[in-house]
Amino acid sequence: MLPIPPRPDAAERAAILDELTEEYPCLSRSTLGRSVLGREIPLLRLGEGGTHLLYVGAHHGAEGMTAAFLLRFLSELLSARRSGRSVEGVDPAFLLSVRTLWIVPALNPDGVELVERGILSAGFLSERILRMNGGSDDLSTWQANARGVDLNHNYDAGFRAYKGVEASLGVLGGGPTRYSGDYPESEPETAALARFVRSVPLSLILSLHTQGREIYFTSEGRALKGQFAVAARFAAMTGYRVSQPSGAAAYGGLTDWAVGRLGIPCFTVECGEGKNPLPPERFAPAYGEIRPLLFRAPLYASPQTGEKRPTGEGTDEHRGL
Ligand SMILES: [Zn+2]
């Protein structure tokens, strides 16, 4: 199995993809788009099925480990298919004959690079980023992209309502976390992903974050028909809690948008536990927890799972932040 660093930087991720695509010609690699600083955002495609799923990692800079989870998963899946082994009770050959998997290991390559490689990775934006970071060059917990926009608040779901929440949190412009941007999809990273999501008939999306061992799947407290039952199965596989977002976490995320606006079942998975960025030793336990989910989630995707509008099946229960 290909060695995968627990928190790979852009060059390491690219090298892993080079090796995987060379070893497995069935893995198709293209470019989803480019980041603010011009970094490529790779998009992988695997499988020939008519039911499509998307797995996305690293919306947030300090959550680069999620890219490693997805690369490890890809590597395991490809290797198991070649050798005819089942993984987590799933036969990869069968799975990939009935499903097509799309994978974006790292949506926010600039943010991950700031955390992993520091301010020197920021190029022409370094001075602006230092200002947005209060003058400090400690970027170890930076979550936003290179313009200080939190990508998981930049989707078109509750955007206007979030502006009030943002102001009450004292977030008035670009910064390390929580700033939603000037308008939905203002950032090249979210615009590219949103364009992709609108163009492919997706039946299920997993958005990987760290940390908290929780699964979110509602949009403004509502979910799609059948989504509660699926979330409960995902919770049972991983040992994670099913939660409802509240406060700032409840607006503008990929899950809010995909579920609330597009009717695509989408699940935010907060992998592992600890403090972001998770230290390398957290990789193995966290990957072990989500591995069954990564392999089995495709079995829960079908064109029938999505309905075009959320039902009132959710509750108004809210957790504290
Ligand atoms: Zn996150």
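This is a predicted model: local features need pLDDT of at least 70, side-chain atom pairs count only at pLDDT 80 or more; totals for chains, interfaces and linings use all residues.
Strand 5 (residues 202-210) runs parallel to strand 3 (residues 51-56), and five bridges join the two. Within this pairing, Val56 stands opposite Ser207 of strand 5. Strand 5 also runs parallel to strand 8, here through six bridges. Ser207 takes part again: its bridge partner in strand 8 is Thr268.

Cys266, Thr268 and Glu270 point one way from the strand. Phe267, Val269 and Cys271 point the other way. Both sets are buried. Strand 8 is joined to strand 6 by three bridges, and these two strands run antiparallel. Glu214 has Glu270 as its bridge partner in strand 8.

A zinc ion is coordinated by His60 (ND1), Glu63 (OE), Glu63 (OE) and His209 (ND1). The distances are 2.0 to 2.5 Å. The four donor atoms subtend angles of 56 to 146° around the zinc ion, which makes the arrangement irregular. A tetrahedral assignment would need all angles between 85 and 135 degrees. Along the chain, the donors follow the spacing H-x2-E-x145-H. Glu63 and His209 link distant parts of the chain, being 146 residues apart. Glu63 belongs to the loop between strand 3 and helix 2 (65-83), whereas His209 belongs to strand 5. Both Glu63 and His209 are buried.

Helix 4 (residues 109-117) has eight of its nine residues buried, so it is largely enclosed by the rest of the structure. The buried residues are Pro109, Asp110, Gly111, Val112, Glu113, Leu114, Val115 and Glu116. They pack against helix 1 (10-23), strand 2 (40-46), helix 5 (126-132) and helix 7 (188-199). Just after helix 4, Gly118 takes a positive phi of about 85°.

Leu114 lies in helix 4. Its relative accessible area is 1%, and it is buried. Leaving aside residues up to four places away in sequence, Leu114 touches Ile119, Ser121, Ala122, Ile129, Leu139 and Trp142. Leu114 and Gly61 are 53 residues apart in sequence. In space, their C-alpha atoms are 7.1 Å apart.

Helix 7, one of the elements that helix 4 packs against, has 12 residues. At 1.5 Å a residue, these should span 16 Å. The end C-alpha atoms are 16 Å apart, which agrees. Buried residues of helix 7 include Glu189, Thr190, Ala191, Ala192, Leu193, Ala194, Phe196 and Val197.

Two cis peptide bonds are described here. One joins Thr210 and Gln211, with omega of about 0°. Gln211 is found in the loop between strand 5 and strand 6. Another joins Asn276 and Pro277, with omega of about -10°. Pro277 is placed in the loop between strand 8 and helix 10 (283-296).

Arg178 has a positive phi of about 75°. Arg178 sits in the loop between helix 6 (159-168) and helix 7. At 28% relative accessibility, Arg178 counts as partly exposed. Glu185 has a positive phi of about 60° and is likewise not a glycine. Glu185 also lies in the loop between helix 6 and helix 7. At 18% relative accessibility, however, Glu185 counts as buried, because the cut-off for burial is under 20%.

Methods:
Residues are numbered from 1 along each chain as its sequence is written. Side-chain values use heavy atoms; hydrogens and water are left out. Two strands pair if DSSP finds at least two bridges between them. Helices (H or I, at least four residues) and strands (E, at least two) are DSSP runs, numbered from the N terminus. Donors are N, O and S atoms within 2.8 Å of the metal (3.2 Å for Na, K and Ca); water is not among the atoms, so sites may look incomplete. Four donors count as tetrahedral if all angles lie between 85 and 135 degrees; four count as square planar and six as octahedral if opposite donors are over 155 degrees apart and all others between 65 and 115; anything else is irregular. Buried means under 20% relative accessible area, exposed over 50%, partly exposed in between (1.4 Å probe, protein chains only). Contact means heavy atoms within 4.5 Å. The expected span of a helix is 1.5 Å times one less than its number of residues.
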